[in-house]
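Dear colleague,

Please find below the structure that I am handing over to you. My notes on it follow directly after.

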Amino acid sequence: FPVTISPTGQYQGIIMRPLIAFTGSVVADPSSITDARKGNVTIAICPAPLSEGLPMEAAANMAAIYAPLAQNTPELDVIGKTYIDMPTPELIGAMSDYTERDRIVKLGCSTVSLVNGKYKVEDFVTTYHPEGVLVPTFRYVRDLTVMFNIRYGYYLLEQTYVVGAVIANDSDTVTSSKVIKPKTWKQVLSSYFINLVTRGLIVNADAASASLSVSISSSNQNRLNTNFRTTLTGVARISSTESEV
């Protein structure tokens, strides 16, 4: 659970091992299952409503279209993609209606529609949907994938510039072969933010840099404290147009 105090599972601060559990379903409306898991950010239903195939086939289809996208173009989403090989009925029940799909996704359940005899992905979400939050940060699997990419890129920079380096004040002159100063680390991260914008993962690198704070711990000389805020890019899920004559 992605809470500030005592996070659980694979989201603990020291060990970050992100996981999305692709869970297939062939029932018409799996939202009754997902609604009971409001705080979970690991389970993502892969629906194939009223299919005669197996639930694991639905999960395999979603994995087959999502995995290469997450690997090569993590800024994109599977919205509009069709299942590759899933037995499809003539009617899929509640998910054939937009209003019903909107209701279902708000209960933490992924949705599909039926187009040309194939399941087309409309929403791919985790079961995370806390009460009173209209657009949960951890709802869409795509957004989680973006966060995982940001975190891993940051980890690589840490390994290169920070881990094992001598920590020095900005004004110090140090001749060590590996030294890190707060101002140096800020420069590295500011460049990283620009890279994230270029890759389509975040917006407004300047705002991210402005929020960046790096300092040496006053109680532990071995600790370098870093804090920053980023804003993820969005995906056009809703198109709103007004034409005035």
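The notes below go from the whole protein to two individual residues.

This is a predicted model, in which local features need pLDDT of at least 70 and side-chain atom pairs count only at pLDDT 80 or more, while totals for chains, interfaces and linings use all residues. Residues are numbered from 1 along each chain as its sequence is written, and side-chain values use heavy atoms, with hydrogens and water left out.

The protein has 6 helices and 10 strands; these are DSSP runs, numbered from the N terminus, with helices being H or I of at least four residues and strands E of at least two. Along the principal axes, its C-alpha atoms fill a box of roughly 75 × 50 × 35 Å. Of its 245 residues, 36% count as buried. Buried means under 20% relative accessible area, exposed over 50%, and partly exposed in between, with a 1.4 Å probe and protein chains only. Among contacts (heavy atoms within 4.5 Å) between residues at least 6 apart in sequence, 56% join residues at least 24 apart.

Two residues deserve a separate note. Most residues other than glycine have a negative phi. Leu-50 is not a glycine, yet has a positive phi of about 65 degrees. Leu-50 sits in the loop between strand S2 (43-47) and helix H2 (55-72), and is partly exposed at a relative accessible area of 39%.

Asn-116, also not a glycine, has a positive phi of about 50 degrees. The loop that holds Asn-116 runs between strand S3 (111-115) and strand S4 (118-123). With 79% relative accessibility, Asn-116 is exposed.

Yours sincerely
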